[in-house]
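Subject: Structure for your review

Hello,

Here is the structure I promised. Please open it first, then read my notes below.

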Amino acid sequence: MKEILYRSTRGGASGVKASEAILQGLAEDGGLFVPETMPVLDVKIEDLAGKSYQEIAYEVMKLFLTDYMEEDLKYCISHAYDSKFDTEEIAPIRKADGAYYLELFHGSTIAFKDMALSILPYLMTTAARMNHITDEIVILTATSGDTGKAALAGFADVPGTRIIVFFPDGGVSPIQKKQMVTQKGANCKVVAVRGNFDDCQTGVKNIFNDKAVKKEMAENGFRFSSANSINIGRLVPQIVYYVYSYATLLSRGVVKNGDPLNVVVPTGNFGNILAAYYAKLIGVPIGKLICASNENKVLFDFFQTGAYDRNREFMLTSSPSMDILISSNLERLIFRIAGDDAEKNVAMMNALSKDGRYEITDEMKVQLSDFRAGFADEAQTAEEIAALYRDADYIIDTHTAVASHVYRNYCSETGDTAPAVIASTASPYKFTRSVMTAIDKKYDAMGDFELVDALSVLSGVAVPRAIEDIRSAEVLHNTVCEIAQMEDVVKAFLGLK
Ligand SMILES: *Cc1c(COP(=O)(O)O)cnc(C)c1O
């Protein structure tokens, strides 16, 4: 099999093995690792029909992680996708009102981040062993609400690792916050930042790129890595469920071999939809990639006009995991449509950090023809939840509702009748207040956990373990810091001066 090596989107590194890229997280020049050449599936998609999630995971991940030994990769997969998930299917596909909802929230923290973060700790500790790393790995994570808990759950008490999570104070749902601040594990630290998600993400990137900190870390036996979707080890496991979706819908007779399957993704940092794009590039017959935004519709405007412009008000919405104005993973797409030209990409990324905006060329725009974009405002999001409950007796979360609304608009505007998979990225139990009040305003009078019980009655779905666990859990983390103090918090946790 052909070895796949990685390079930075900013030109500073090439020939990097998958395990090294996973260990580093972000390239030293501040760029993101991308495959130097895109692999292609070496089995026919119809041969994957009816295969288990774990089997398909291996077929996909082996293409990208070529320096991992077969037995190591299979070990990582079987330990990640096990009874932590509340269904053997791992990612069940549920039909409702003519669309296929790919439920990516059956893992231990009930959001789609579990799909990658239940395997990333295994991939990372394996990579450390392969590369004879003895330093303690310090995972720095910025979260808009879901990555934080999923990463904590994955890395808690994993020997040789520590994890620090920064979340925007007041910018996550009550359940998301409670999930994080009750996290156990001596190697875990959770910090609220007085800023928004972009501030957290930029703060983390700055610590990563600070040479002095890096030196001090190395002298004390530490090295940083990332659990954000800037890490290629997050992205690769996310490709799997798009391959799985096609194979599964093929076995159910929903798609015929080779027919396009559209994919609709509620988007924030552009990781999930980029994984769908990668699935298409490795040979899965995916049709349109439909990017759904909430009121922070910087990506909608980008696909509409070719100009990426973050100079606008940051909105706090009922889909907080998509409250993002700087979508990190878009850089991987920009690099690709610039013809893998690091210089062009750097010019745009510099413009983004200096002026908050850049514009792509017409030549680049042409290559975005597989993408479509739409957005849902707060009222449309709530109406989508209510309508699907009313018409199909199916309750979805706010993020999924954004995508579902965008999908229905897309269908009526284009008349496209190809089947579509909507990435259902979180359990409604994570956003109970928004979900329940969308169905009926009267629920707003209830407390957070009363709402949980009411949702269970309404949906007929048992309260997930992840929610039961935090009902009475003790708050263990109460650090709040200013944006400028993030570095000091990291140093203090590591016992550096
Ligand atoms: C993270 C997240 C998203 C956005 O995914 P990206 O990969 O950042 O685009 C959407 N919905 C939920 C529930 C999430 O947790």
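A polar contact is a pair of N or O atoms within 3.5 Å; within protein, one must be able to donate a hydrogen and the other to accept it, and residues adjacent in sequence count only if both atoms are side-chain atoms. This is a predicted model, so local features need pLDDT of at least 70, side-chain atom pairs count only at pLDDT 80 or more, and totals for chains, interfaces and linings use all residues. Residues are numbered from 1 along each chain as its sequence is written, and side-chain values use heavy atoms, with hydrogens and water left out.

Ligand contacts

In the side chain of Thr425, an N or O atom is 2.9 Å from a nitrogen atom of the ligand. A polar backbone atom of Gly268 lies 2.8 Å from a ligand oxygen atom. For Phe270, a backbone N or O atom is 3.0 Å from an oxygen atom of the ligand. On its own, the ligand has 380 Å² of accessible area, and the protein covers 98% of that (Shrake-Rupley method, 1.4 Å probe).

The shell

The ligand is surrounded by 15 residues (a heavy atom within 4 Å). Lys113, Asp146, Gly268, Asn269 and Thr425 are the closest. By class, the shell has five nonpolar, eight polar and two charged residues. Gly counts as polar here; Asp, Glu, Lys and Arg count as charged.

Aromatic pairs

There are 15 aromatic pairs in the structure (ring centres within 6.5 Å; planes under 30 degrees apart are stacked, over 60 edge-to-face, the rest tilted). Tyr81 and Phe85 make a tilted pair, 5.8 Å centre to centre with 50 degrees between the planes. Tyr81 counts as buried because its relative accessibility is 3% (buried is under 20%, exposed over 50%, partly exposed in between; 1.4 Å probe, protein chains only). Phe85 is buried too, at 4%.

Best wishes

Conventions. Rings of Phe, Tyr and Trp (its six-membered ring) pair if their centres lie within 6.5 Å; planes under 30 degrees apart count as stacked, over 60 as edge-to-face and the rest as tilted.
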